Amino acid sequence: MTETADSRTRVDRYDPAAIEPRWQQRWEELGLHTTDLHDSTRARYYLLTMYPYPSGDIHIGHWYIKTPTDAIARFHRMHGENVFLPIGFDAFGLPAENAAIKNGINPRDWTMANIANMRRQLRSMGATFDWSAEVVTADPSYYRWNQWLFLRFLEAGLAYRAKSAVDWCPNDGTLAREQVEGTDRRCWRCGAKVEKRDLDQWYLRVTKYADELLDFSEIEFPDPVRTMQTNWIGRSEGGEIDFATAPSEHHPGGATIRVFTTRPDTLFGATFMVLAPEHELVSELTAPDRRAEVEAYVARAARETEIERLSADREKTGVAIGADAINPVNGERIPIYMADYVLAGYGTGAIMAVPAHDERDYAFAQAFGLAIRRVVAAPGEDDAALDGAYVAHTADERLVNSGAYTGLPADEGGRRIVADLEARGAGRAAVTYRLRDWLISRQRYWGTPIPVIHCPTHGIVPVPDEDLPVLLPDTVDYAGSGVNPLTRDEAFLNVPCPVCGEPAKRETDTMDTFIDSAWYWYRYLSPGKQDAPIDDDMVETWTPVEQYTGGAEHAVMHLLYAREFTKMMRDVGLLQQNEPWKKVFNQGQILGVDGERMSKSRGNTQDPDELVARYGADAVRLFLMFMGPWDQGGPWSPSGIGGVHRFLNRVWTVTLDPHGREGGDPDAGKLPAGESATDAAATIRAAAHRTLRDVTEDYQGFRFNTMVAKLMELSNTLYRYRGTEAAGDTEWDEAVRLLLLMLAPAAPHITEELWARRADGSGRAWTSIHTESWPAVDESATRISVREVPVQVNGKLRDRVVVAADATEEVLKAEALASPKVQAILAGRAPDRIVVAGGGKLVNIVVRDA
RNA sequence: GCGGCGGUGCUGGAAUUGGCAUACAGGGCAGACUCAAACUCUGCUGCCCGUGAGGGCUUGUGGGUUCGAGUCCCACCCGCCGUACCA
């Protein structure tokens, strides 16, 4: 042993570039990552991670979500579960078209070339992706089933075509409501200002599921996502109330204006009504002398929604239309206005205005000099002056100035008013949602063609199932940017009507790419299936997905669409389940060194290929896990990766060279003072098993940062004993073995290499470390004979005493009091109380000031 | 405005049910090894006072509960994300 005292390196160095590709190839040859989906002998674990868009390069953000996901997969596999971790590509979408226009190539060629490169990059992670299940959505074998599903939805009345004002991006064309972001209404994809256009478009009837979508009992979302979806769906309870119009010189009256309100209790405070400029009764009700002004306002409102409606102009504008309505509860005549602060698309597009109890109505009443009548008040404030809308809601509020309802609590009064109106047919309880139907039409080439034909005689005719898929033509003529080439592809356009055979035109809209991503994990279970979109048996046994990982940026897009789509598939008889996944986890985002979003234009991107070449995939994986909590993300640190690289080197050294000594340490090779080799062995074993206990919990809770920290501690402990008598003995060997097993899910290559060398060294046949079972904690090993107990006086730490592990409270108290430091602080005072906390974890001596 | 998340050393961050704040890293300083450097190794590193032993302070701010608070309660400040005239 002593002959190694001064030698530095007798074993070869850790060289990830040499070992990583070798093992990746070996695993692939052995088919280690191909899941037998038919195996029913083991528990199934379907682990899904969001498939990437083939933009061209895998970036560090992909590594950040995918490598910890891979660690989860490996951890579960080591627990004997049959793990399925598929991967694919979200291959339709606009960037391919933009690149194609720019370079004069087919979007397909651009996309497929990118996919080829990204497959190579994804393989360099060393992840256990099952490539045999790969799905590429732009392939006809996938998108034909988008079309097939669309036709089922059409039959079931879940898909429909309608004309309405839609959000329109000058670059991307039509957008769904969820795809418009921010106060200034910008496109989620390109950031351009979004306009409104009146268009015939295809919709999916997802509002049907509004209430069901609010029920999260079968899906475990992170809280922020659940909150965002709940707000997005925006359920409001209240009442619908019908106001009749009053007769006037230009109108006989009696028309019904229906309003929705969440505050029926304030009905007596309605002093005017407001219609949205687009409301259908505006024209009919407008008085001749008001018509010019009203029409000018309507025209301006239409233009403003199209051009610019920044929130800066919060000033209330509007015009009186010269007609009155009658308040059904008291017969009062109130004037009707039209204003753009009432939105056509929400509720009924008309409101009863209660300026005393609604801030917007208050501002409008102030601007137009309208009456403000208080009808809700806390006791004693009946006539208190208002300098703004009173919207507080307290338990002791009562209705005032409300006829027969005066004096009732506000809640109860509201309910009684609705009930009484309902009895007269003038109102009813009602619920309104913010959620809209999903607009899926896109005026784009690179997407799934919507499989319908427009016949002059038969109208909209579905493409028969046997004619699917409706293929995208290969030759694409953009003739300048922005226009859908399908609209001038005569061969694509001109088809006979499936009903009458007469000339007809194909639909040229394609589907929102969020359709592709709304069901892809079902297809992973049978990617080659020819006769149906999904394999019923596989879907039945493998879904809902156990765990889904990916970014939170899709909280009200993908993560909502997929839930809606699952419910639609269920309702046309394709699925039994209500939700697509059981649990969803959102990782954070990796930012540039400057703390800003990584982008090529900022020059703050980090290329993973470069890091892999320099430090190896294992170090990159480990560093991404170590930098902080997984759901937090954070700025990229260029220096931090050196730390985990050093750690891996130390793991390498303690495994292969336990007896070596470092020249730089004067105490190298010596046991700590007063410690025997037996003591050292017990310490090593206790450290290993305590680490195993903690690390197991960290993996289960996705706490990869502390998992790595604890493995570092264990390797530091081993390093301290390296070269001593304890190094290389049974306990040491067991600790190294546990260290490698615990590290294997996170750093699969180095652990496989060291595992193989250990087998080699002891003459055992090689088996992969990744097929090993997760080790069991030996609780007896973690127990220790003596422990240090902190002693506080009045809650302040003063000393530590060493006692036997099983010392009684009496012993603890006596030892604590016997401490000289404690005695000095007490200065002769008798303790009032001695608290032994946490089952003997800490002693606190309480003493009052003399 | 509303909703959500967060604020701990120089930096990333750690801290079961309230129980030794700052684990593990990065960076820095000092030393060993080296002709030298890199690599590697060892030690130190929250702030203030003190030569020292030691003492005091410290988890955004101010209060409170408690033997004991980063953790619980109240009020406020700051940052990030979402949302936006939703009746």
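Okay, let's start with a pair of strands: β26, residues 545-551, runs parallel to β27, and 6 bridges join the two. Strands here are DSSP runs of E at least two residues long, helices are runs of H or I with at least four, and both are numbered from the N terminus. Two strands pair if DSSP finds at least two bridges between them. For one bridge you can look up yourself, take G551, whose partner in β27 is Q587.

Before I go on, a word on what you're looking at. This is a predicted model, where local features need pLDDT of at least 70, side-chain atom pairs count only at pLDDT 80 or more, and totals for chains, interfaces and linings use all residues. Residues are numbered from 1 along each chain as its sequence is written, chains are lettered from A and ligands numbered from 1 in the order in which they are written, and side-chain values use heavy atoms, with hydrogens and water left out.

Back to the sheet. β26 and β27 belong to an open sheet of 4 strands, in the order β2-β1-β26-β27, with parallel pairing. The edge strands, β2 (82-84) and β27 (581-587), each pair on one side only. From one strand to the next, the twist averages 20°. Helix α2, residues 60-77, packs on this sheet and touches β1 (44-49), β2, β26 and β27. Touching, or contact, means heavy atoms within 4.5 Å. The direction of α2 makes about 175° with that of β1; the axes are lines fitted to C-alpha atoms, for helices over the stretch in contact, and angles run from 0 to 180 degrees between N-to-C directions.

Now zoom out to the whole of chain A. Its secondary structure comes to 25 helices and 33 strands. The C-alpha atoms fill a box of roughly 115 × 90 × 50 Å along the principal axes. Of the 850 residues, 52% count as buried, and buried means under 20% relative accessible area, with exposed over 50% and partly exposed in between, using a 1.4 Å probe and protein chains only. If you take the contacts in chain A with a separation of 6 or more, 72% of them come from residues 24 or more positions apart.

Next, the RNA. Which residues come nearest to RNA strand B? Out of the 55 residues around it, they are R177, T262, K316, R360 and Q632. A residue is near if one of its heavy atoms lies within 4 Å. And of the RNA atoms that come within 4 Å of the protein, sugar and phosphate account for 62%.

What supplies that surface? Helix α20 (704-721) gives the most, with 7 residues. Others that each supply at least two residues include α7 (223-233), α18 (641-656) and β31 (796-804). By type, the surface divides into 19 nonpolar, 17 polar and 19 charged residues. Here Ala, Val, Leu, Ile, Met, Phe, Trp, Tyr, Cys and Pro count as nonpolar, Asp, Glu, Lys and Arg as charged, and the others, Gly among them, as polar.

A polar side-chain atom of Y346 lies 2.6 Å from a phosphate oxygen of RNA strand B. For N716 the distance from a side-chain N or O atom to a phosphate oxygen is 2.6 Å, and for R650 it is 2.8 Å.

Let's go back inside the protein, to another pair of strands. β12 (residues 272-275) and β15 pair in the antiparallel sense over 4 bridges, and V274 has I351 as its bridge partner in β15. Along β15, residues 350-353, A350 and M352 point one way, I351 and A353 point the other way, and all are buried.

Last stop, a few loop residues. Q443 sits between β20 (441-442) and β21 (452-455). Why does Q443 count as buried? Because its relative accessible area is 16%. Its side chain makes polar contacts with the side chains of Q201, at 3.4 Å, and D509, at 3.3 Å. A polar contact is a pair of N or O atoms within 3.5 Å; within protein, one must be able to donate a hydrogen and the other to accept it, and residues adjacent in sequence count only if both atoms are side-chain atoms.

In the loop between β16 (376-377) and β17 (398-399) we find A389, which is buried at 19% relative accessibility. D396 is in the loop between β16 and β17 too, but D396 is partly exposed, at 38%.
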